[in-house]
Amino acid sequence: MKKISLIVLALATSFCFGFAFKSIMTNNSNDNTSLKRVTGIGGIFFKCKDPKKVREWYQTHLGLNTNQYGAVFEWYQGADSTKKGFSQWSPFKETTKYFDPSTKEFMINYRVENLEALVVELKKEGVKVTDTLQTFDYGKFIHIMDIEGNKIELWEPNDIVYEKLGVQMGSKTTK
Amino acid sequence: MKNSVSRWAARRPNNSTTKMISNMEDPKTQTKMKKVTGIGGIFFKCKDPNKMKEWYKTHLGIDAGQYGASFEWYQDAEGKKKGLTQWNLNSETAKLYEPSAKDFMINYRVDNLESLVEELKKEGVTVLDKVETYDYGKFVHILDAEGNKIQLWEPTDE
């Protein structure tokens, strides 16, 4: 319960500071030509008629350890194998607004290293950013659009917190 | 609030899910076989794959080339066994996704493809083709409960 209110608080805070963030970011003109951008796949989300049934199907036939949100794949980072990395897998209802304004049946989440700097750069490059950066315990998020209308989720993960949350929920990763 | 829904954050465990997992591991109901171990790839359709690859390279640093990009990671903390997740774009007319009408396809890494295929057939899962073997691994395609085509891959990671 405490966690939920913390998340709500984090959300509210990021909404309030959204405009402030935006102006700080757009005024900052760092040279980020050597910026590391996407480092891995953070998740794959897709629409389906019956997410519960789909989760059960993947659990029964393909052995995914699912919970009510999907499954989490666990691996070790290419840049440093002592650090774990995670990719989220989630079926969504067809009516979800989460992929909007994209009309596609899927959305990909990409892991990035320095989201704030990347967003500054992407804006300079004219990439369409659809929201403001949101910060949670388990990482920072923002959404952008590619040139063919696919919505993209960018995630600068905090893998340690992310793993802890899964453990707290009693969820198992798939590996 | 919605966007925390997609991941497992800050929610309490769902009892029915936990029960389901323990049933699955019950030796009486099923011998535990390791199945999918990771995401082997994500493929999606687009109008202009070349233009899109250029965009992803420029703005997100994903260098896809002709055959797509590979994200490299490790299967073990010692960094001895590499794992790859492939990322690629296909034209809208790609036959690779058929009979699925979806605009994406996911490749899952599996441990022992031949015995998994046997089991899936017994379970009544639609298997679309025969296991094909290449230098980089074995492949087969199946359909999920909603007609999404799935590529299963038993990789040779060397």
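This is a predicted model: local features need pLDDT of at least 70, side-chain atom pairs count only at pLDDT 80 or more; totals for chains, interfaces and linings use all residues.
1. Two residues are in contact when they have heavy atoms within 4.5 Å of each other.

2. The interface of chain B and chain A involves 67 residues of chain B, which are in contact with 81 residues of chain A. About 6400 Å² is buried between the two chains, and carbon and sulfur atoms give 66% of that area. On the side of chain B that touches chain A, the residues comprise 35 nonpolar, 15 polar and 17 charged.

3. As to polar interactions, 19 residue pairs are found in polar contact across the interface of chain B and chain A, counting pairs with both residues at pLDDT 80 or more. The number of salt bridges between chain B and chain A is 0.

4. Strands of the two chains also pair.

5. Chain B contains 3 helices and 7 strands, and their order along the sequence is α-β-α-β-β-β-α-β-β-β. Of its 158 residues, 49% are buried. When contacts in chain B between residues at least 6 apart in sequence are considered, 54% join residues at least 24 apart.

6. Leaving aside residues up to four places away in sequence, B:F71 touches A:V38, A:T39, A:G40 and A:I41 in chain A, together with B:I62, B:G83, B:L84, B:T85 and B:W87 in chain B. B:F71 and B:G41 are 30 residues apart along the chain, and their C-alpha atoms are separated by 9.1 Å.

7. A:L115 belongs to helix α4 of chain A, which spans residues 115-124. With a relative accessibility of 0%, A:L115 counts as buried. Apart from residues up to four places away in sequence, A:L115 touches A:L133, A:K140, A:F141, A:I142, A:L154 and A:E156. One of these, A:I142, is 27 residues from A:L115 in sequence, with a C-alpha to C-alpha distance of 8.1 Å.

8. Which chains supply the residues that B:F71 touches, beyond those up to four places away in sequence? Both chain A and chain B do, with A:I41 and B:W87 among them.

Technical notes
Residues are numbered from 1 along each chain as its sequence is written. Chains are lettered from A and ligands numbered from 1 in the order in which they are written. Side-chain values use heavy atoms; hydrogens and water are left out. Buried area is the accessible area (1.4 Å probe) that two parts lose on being put together, summed over both. A salt bridge is a side-chain nitrogen of Lys or Arg within 4 Å of a carboxyl oxygen of Asp or Glu. A polar contact is a pair of N or O atoms within 3.5 Å; within protein, one must be able to donate a hydrogen and the other to accept it, and residues adjacent in sequence count only if both atoms are side-chain atoms. Ala, Val, Leu, Ile, Met, Phe, Trp, Tyr, Cys and Pro count as nonpolar, Asp, Glu, Lys and Arg as charged, and the others, Gly among them, as polar. Helices (H or I, at least four residues) and strands (E, at least two) are DSSP runs, numbered from the N terminus. Buried means under 20% relative accessible area, exposed over 50%, partly exposed in between (1.4 Å probe, protein chains only).
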